[in-house]
Amino acid sequence: MSINTLNSRTAGLPEGWVAAPEATAPERVLVALSGGVDSSVAAALLVEAGHEVVGVWMRLHSAADRVDGGRKSCCTLDAADDARRVADALKIPFHISNLEQEFADAVLEPFVASYLSGETPSPCVGCNTAVKFGALMGRGEALFGCSAVATGHYARRAMRADGGAWRLRAAVDTEKDQTYFLHGLDAEALARSRFPLGERTKEEVREIARSRGLVTAEKPESQEICFVPDGDYRSLLRERGWSGAAGEIIDESGGVVGVHAGSAGFTVGQRRGIGVVAATPRYVSAIDPTTNRITIGRRESLERREITLEEVRTPEGLLPLGSELRAAARIRHRGEPVPGRLIGGVNGAAQLILDAPVWAASPGQTVALYDGETLVAGGRIARPAAAR
Amino acid sequence: MSAGRIFLDNAAGAPLHPDAAALIAELHREGIGNPNGGHAEARRARAVLDAARASLAEDFDVEPRTITFTSTASEALALALASELQSGGTLITSAGEHRGARALAAAHEASGGRVALLPLDASGRWSAEALQELLTATRADGVPPVMLLALASGEVGAVQPSLTAVNRDSVAAVLDGVQLDGAREMRFADTGATHLALSSAKVGGPFGVAGLISADPRRIRALVPGGGQERGRRGGTEAVVLAAAYALAHRLHRRSYAASVAASESAARAFDAALGAPGEIGLISTGPDPRTAQSGRLPGHRSFAADWVLGDDLVAALDHAGVAASTGSACISGSREASEALLAMGLSRTHAAGGLRLTFGGGATADDAARAAAALRAVAERIRQHAGVTAR
């Protein structure tokens, strides 16, 4: 069977694939405890299933040290305290592992570079791929002999019946499904990842936490980017030397309609904060960092049926040149998947031709491609050639 | 401690002596409370506190009035330093000091004061000659300097030169005797200290109590004002029960220190023998060479550095293998900061972020030592096989 022959949105799993069971034979698993309810319950479920569990809280950056209170972020010292208390309640060992360097290399620096080049980054994808299921997985094996890493992500895994290939599969709780952010996991990472919450709903997870008396049971969801505690990524760019030089705002006919304070402060699809008054709403439709110019247009002008992607991967590697597959594309987390055709180009580039238009495909953002519940490939929206 | 585990972090806190634990329980049962009152109950508490102070005084050959009880040795150092440092005065210290002392130096610098660092040699020692030079240089300032130095390094085990050979006139010496107190029979007068900070938990006493011995306690200016407790040197009701347990533990330690020091060093040597050459597993020894520097190194103290793993991660891996160890420098885990002491000793930044300290107690057996060495070998080999993922 090849993914080329798959139809999009077929329910369940492709022929020849089975759901990967989360509770296999007892093993030594590292659980990435964030100090939130999801990873707490993931750890609890693994302990109850008889696995030997090692809890690790990752120290990823110092941004959160400067912000006090707010139980919303996973990266404050308060979060580390909560993670420690959960580990203590579950009677599992707990360690703090410093992955600041790995996080800076794989997430922070690319995040800054992405905005400065006119894109809108997806930092959680890089964090999952390179840090949690990359460096942390390596540390778990090297330091503790762990054969797998578990997180509190809402996702499931599918396995080819012969065990030779792996895919991500959407969580049962479709509202919470996080496979979009996990698309970069390769076959090896998938084989060694564990998602104990994949079959649960958020409400069930909270109920499990309550029934086990875990201190994190009622903690609010974390929403913001963990290393931008105040929610404004532009302050991070300024720390990195971005001065936000004024530039022109042009309309789609090229006429100057206003000025802005730095193109890196904008995202394709953004409506607020443009400062241009028009009869109908205007949205950022393009960002050109080389000219420091942003283009705005009407809502309909941001619709696209064809999108160029880059770094498109399946768990086996870069999408092969000339391959073609039908899949449903999700261009943002929780976005409705839109069926289409993906045609592999050179070096992981690909052309995505959709059956229906999508709105505001922002360069730099992730596109996850599904065959039914199964995630078959993922990549990034490329910048328009003119802005590169 | 759980069965089967090997505790090799005695420099951070030795296990509570059972007799001290029994005394704490007994005094709590008796209902020892506030010693500052005009009734029989207060007098009983005061008598316990007085006896504790007198017992410690005898151990260090000083007058009881020279001892101020504090909660920690860091507090004792802060109290002494605040009493001695004049504005514009230079603080003479080293990069090899305990975190608490390094933080005091940083605070002095942040408030506009000057800090002069004594250079450390490759084994973590400073020299009396270098200290003499610094004293001469800083005396020209007009404002007398103050020394803030440890008698021995908790991090790399180096026992420092005696101050008695240094000509210092009236320059105050605030000394950290915490680590050396566990290793030597120490008389206050022999240390050359103006103020000597000590800790209960390093000699088998409880955490939460410590002491400061001062040559002239009238120089002390309280950091915490209060109702005249500790002769006005430290406000707040005294921790009578903890002080009593500290004094008892210290006395017991003094009585048996020769045997316990011998036992801890003997276990450490068994460990050396079982480990073999540290270089074989990618470690370098730090601090004075334990084979040749018997008197220059704290007994039962071994320290290493790796450039293929963060110290905290190595400690975590050893913990998982049943061995309680330490990096020797960081007080809070999760930091990837390089050790100031190891940097000052000339180690690379990666080695300086990969410190490991193993400190054997008096109860350590040769079997513990052999198992600890085997665990370290196994852990190091496994981590080094994954060098690609753990390298920085």
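The domain assignment of chain A gives three parts: domain 1 (3-211), domain 2 (243-300) and domain 3 (303-387). Such bounds come from an automatic or database domain assignment. Before I continue, please note that this is a predicted model, in which local features need pLDDT of at least 70, side-chain atom pairs count only at pLDDT 80 or more, and totals for chains, interfaces and linings use all residues. Residues are numbered from 1 along each chain as its sequence is written, while chains are lettered from A and ligands numbered from 1 in the order in which they are written.

On confidence, the model scores ipTM 0.86 and pTM 0.90. Chain B averages a pLDDT of 93, and 96% of the residues score at least 70; pLDDT is the predictor's confidence in each residue, from 0 to 100. Where pLDDT is low, the predicted coordinates should not be read in detail.

Let me return to chain A. The C-alpha centres of domain 2 of chain A and domain 3 of chain A lie 25 Å apart. Nine residues of domain 2 of chain A are in contact with six residues of domain 3 of chain A, where contact means that the C-beta atoms of two residues, placed from the backbone, lie within 7 Å. By class, the domain 2 side of this contact in chain A has four nonpolar, three polar and two charged residues. Here Ala, Val, Leu, Ile, Met, Phe, Trp, Tyr, Cys and Pro count as nonpolar, Asp, Glu, Lys and Arg as charged, and the others, Gly among them, as polar.

Next, the contact between the chains. Chain A contributes 17 residues and chain B contributes 17 residues. On the side of chain A that touches chain B, the elements giving two or more residues are β3 (52-59), β4 (94-98), α3 (100-116) and α4 (123-144) of chain A. Helices (H or I, at least four residues) and strands (E, at least two) are DSSP runs, numbered from the N terminus. Which element gives the most to this side of chain A? It is α4(A), with seven residues. The side of chain A that touches chain B comprises seven nonpolar, six polar and four charged residues.

Chain B is divided into domain 1 (6-14 + 256-390) and domain 2 (65-236). Their centres, taken over C-alpha atoms, are separated by 26 Å. In chain B, 25 residues of domain 1 are in contact with 24 residues of domain 2. The elements giving two or more residues to the domain 1 side are α8 (240-275), β10 (301-306) and α10 (340-344) of chain B, and the largest share, three residues, comes from α10(B). That side of domain 1 of chain B has eleven nonpolar, eleven polar and three charged residues.

The buried residues of α2(B) are Ala45(B), Val48(B), Leu49(B), Ala52(B), Arg53(B), Leu56(B), Asp59(B) and Phe60(B). They cover an arc of only 125° around the axis, which puts them on the same side of α2(B). A residue is buried if 20 or more other C-beta atoms lie within 10 Å of its own, exposed if 12 or fewer, and partly exposed in between, with C-beta atoms placed from the backbone. The arc is that of the directions from the helix axis to the C-beta atoms. Among the elements covering these buried residues of α2(B) are α1 (18-30) and β2 (67-70) of chain B.

Helix α4 (residues 99-110) of chain B has twelve residues and reaches 16 Å from its first C-alpha to its last, close to the 16 Å expected. Ala101(B), Leu104(B), Ala105(B) and His108(B) are buried in α4(B). These buried residues fall within an arc of 95° seen down the axis, so they line one face of α4(B). On the other side of α4(B), Ala106(B), Glu109(B) and Ala110(B) are exposed.

Finally, two backbone angles. Most residues other than glycine have a negative phi. Lys91(A), which is not a glycine, has a positive phi of about 60°. Is Lys91(A) buried or exposed? Lys91(A) is exposed, with 8 other C-beta atoms within 10 Å. Glu230(B) likewise has a positive phi, near 50°, but Glu230(B) counts as buried, with 22 C-beta neighbours inside 10 Å.

Note on methods
Expected span 1.5 Å × (residues − 1).
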